[in-house]
Amino acid sequence: MRFTWWKLLSIALLLYAVIGGLLLPVPELTQLGETIRNLYFHVCMWFAMMILFTISIIHSIKYLNNKRAVHDIKSKEYAAVGSYLGILGYATGAIWASYTWADPNNPAYASFGSIMREPKLIGAALALLVYGAYFILRNSITDIDQKARVSAVYNIFAYAMLFPTIWIIPRLLPSLHPGQEGNPALNFNDIDARMRIVFYPAVMGWTLLGVWIASLKIRLEILKEKKFSNE
Amino acid sequence: MNTGKQILALLKKDLLLERRQQHTLYGILLYIVSTIYVIYLTLDDPDAATWNAIFWITQLFICINAVAKSFLQEAKGRMLYYYTITSPIAFILSKLLYNAILMIAMSIINLMIYTAMLGNPTANFLSYSAIGILGGCGLGIIFTMLAAIASKALQQASLMAILGFPLILPQLMILVRLSKTALGEIFRNGIPLQMISLLLAFDILIIILSVILFPFLWKD
């Protein structure tokens with residue numbers, strides 16, 4: 001097992017994020033109450049997802065430049081782990097919304113129709129749909145080189161289209177989600193100082209964990225490739 | 001031959017093919033008519049918002065069907081032939097141009113049949129038509145690149161829809177909003193213009209991306 005410093009750091013940061021996130025003081029807001037602590041999980045997972053997708057696209061560009069299969073494997077695995085974090089982000093967001101946004105007079109699922117219209121949720125759904133399409137595209141091409149090339153092209157194309165989208169849609173529609181004028185928590189003034197000391201380590205922790213999982217999957221995939229080519 | 005001439009020659013070839021193989025063109029026309037007829041029979045008397053939403057959905061499906069064939073009809077051998085005589089940039093630009101022209105024509109036909117069958121709740125039909133044509137053009141451009149990607153894979157037609165829907169959504173949302181100006185909704189000053197420039201910016205972005213990325217798809 002390759003146990004490097006950043007893996008230890010990831011464990012330490014996540015332990016800090018969970019323990020500190022549940023125990024350290026947070027601002028008291030009437031609507032949110034203690035659910036505000038979900039910020040350390042929900043928002044951080046989205047951040048980690050975006051970072052992993054960005055790593056994935058960098059490897060796609062590298063693949064188109066030098067055509068080395070290892071970049072294709074990396075690009076695919078980072079996208080896979082990014083999507084996984086995206087689904088987790090969706091799940092934590094759904095739990096959060098059911099305590100804060102859902103109409104208390106109706107069962108939580110009755111509010112689903114109106115909650116799904118949230119611009120931030122549309123952006124998130126689009127990102128997941130795009131990467132879902134990316135994996136289906138990969139699986140529907142049989143030739144290995146062509147698969148790598150075409151999916152790298154789609155990855156870059158989709159990513160370049162997705163970013164303006166995430167920027168535009170929130171400005172088109174009314175929203176309950178925080179961060180109307182951009183992306184929440186990126187702005188320094190958005191977030192309370194007491195939360196910042198947990199928030200940024202948590203983002204790093206989740207990202208490093210994602211990179212760790214992806215690196216294991218990449219090694220496994222490379223070993224599989226080697227086994228195939230030796231047989 | 002320089003790039004401009006190559007683009008024109010390829011465009012002329014596509015238009016000529018359209019004239020020679022008229023069955024594909026009539027196929028799309030029949031598709032438009034039967035789609036709208038189905039909508040006409042299932043939807044008695046839509047209000048303006050529904051009318052608008054359904055119009056854009058028909059535009060989207062017409063676009064997928066019209067644009068899909070532009071790459072799917074090119075046989076493998078013929079692609080190899082293009083490879084020897086022209087550059088990828090000229091090729092993709094000619095396809096983008098051709099599909100934009102095709103979608104302008106299809107949008108006009110769609111608008112005519114749609115209003116004839118489902119009534120016309122617009123306050124300003126001319127500006128609605130202009131938005132419809134602009135939108136159709138944009139849809140044609142984005143699906144050109146997606147058709148190029150999907151043509152490399154199996155089950156191409158359904159794949160094109162899967163690849164395209166999440167990417168087309170923001171444009172479609174802007175278009176639906178924008179076309180409400182022609183339905184009589186009042187917007188704050190400058191907002192419609194802002195949305196139009198946003199759409200044009202999207203189109204330019206897609207053209208640039210296509211020109212950069214298509215050369216990688218081109219080599220087999």
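Predicted model: local features only at pLDDT ≥ 70, side-chain atom pairs only at ≥ 80, totals over all residues.
**Entry 1: the end of a helix**

I started just past H2(A), where Lys67(A) takes a positive phi of about 60 degrees. Helices here are DSSP runs of H or I with at least four residues, strands are E runs of at least two, and both are numbered from the N terminus. Lys67(A) is not a glycine, yet has that positive phi. I found Lys67(A) in the loop between H2 and H3 of chain A.

Buried or exposed, or partly exposed? Lys67(A) is partly exposed, with a relative accessible area of 40%. My cut-offs: buried is under 20% relative accessible area, exposed is over 50%, and partly exposed is in between, with a 1.4 Å probe and protein chains only.

Residues are numbered from 1 along each chain as its sequence is written, chains are lettered from A and ligands numbered from 1 in the order in which they are written, and side-chain values use heavy atoms, with hydrogens and water left out.

**Entry 2: helix H2 of chain A**

I checked the span of H2(A), residues 39-66. With 28 residues at 1.5 Å a residue, this helix should span 40 Å, and its end C-alpha atoms are 40 Å apart, which agrees. The expected span is 1.5 Å times one less than the number of residues.

Leu39(A) is in helix H2 of chain A. Leu39(A) counts as buried, at 13% relative accessibility. I also looked up Leu39(A) against Trp96(A): they are 57 residues apart in sequence, and their C-alpha atoms are 9.3 Å apart in space.

**Entry 3: the nonpolar core**

How many residues has the largest nonpolar core? It has 127, and Tyr154(A) and Phe143(B) are the ones with the most contacts inside it. H2(A) gives the most to this core, with 15 residues. A nonpolar core is a set of buried Ala, Val, Leu, Ile, Met, Phe, Trp, Tyr and Cys residues joined through side-chain atoms within 4.5 Å.

I listed the contacts of Tyr154(A), leaving aside its neighbours within four places in sequence (contact means heavy atoms within 4.5 Å). In chain A, Tyr154(A) is in contact with Val130(A), Ala133(A), Tyr134(A) and Leu137(A). In chain B, the partners of Tyr154(A) are Leu146(B), Ile149(B), Leu163(B) and Leu167(B).

**Entry 4: between the chains**

Next, the interface. I found 28 residues of chain B in contact with 27 residues of chain A. About 2700 Å² is buried between chain B and chain A, and carbon and sulfur atoms give 82% of that area. Buried area is the accessible area (1.4 Å probe) that two parts lose on being put together, summed over both. Which residues of chain B lose the most area to chain A? They are Pro166(B), Leu167(B) and Phe216(B), together 21% of what that side buries.

I also looked for salt bridges between chain B and chain A, and the count is 0. A salt bridge is a side-chain nitrogen of Lys or Arg within 4 Å of a carboxyl oxygen of Asp or Glu.

**Entry 5: salt bridges**

Arg138(A) counts as buried at 6% relative accessibility, and Asp72(A) counts as buried at 10%.

Lys217(A) forms a salt bridge with Glu77(A), their closest N and O atoms being 3.5 Å apart. Again distant parts of the chain are linked: Lys217(A) sits in helix H7 (residues 193-230) of chain A and Glu77(A) in helix H3 of chain A, 140 residues apart. Lys217(A) is partly exposed at 34%, whereas Glu77(A) is buried at 3%.

In chain B, the side chains of Asp14(B) and Lys13(B) meet in a salt bridge of 3.0 Å, N to O. Asp14(B) is buried, with a relative accessible area of 2%, while Lys13(B) is partly exposed at 22%. Salt bridges that share partners join Lys76(A), Glu77(A), Lys217(A) and Glu221(A) into one network.
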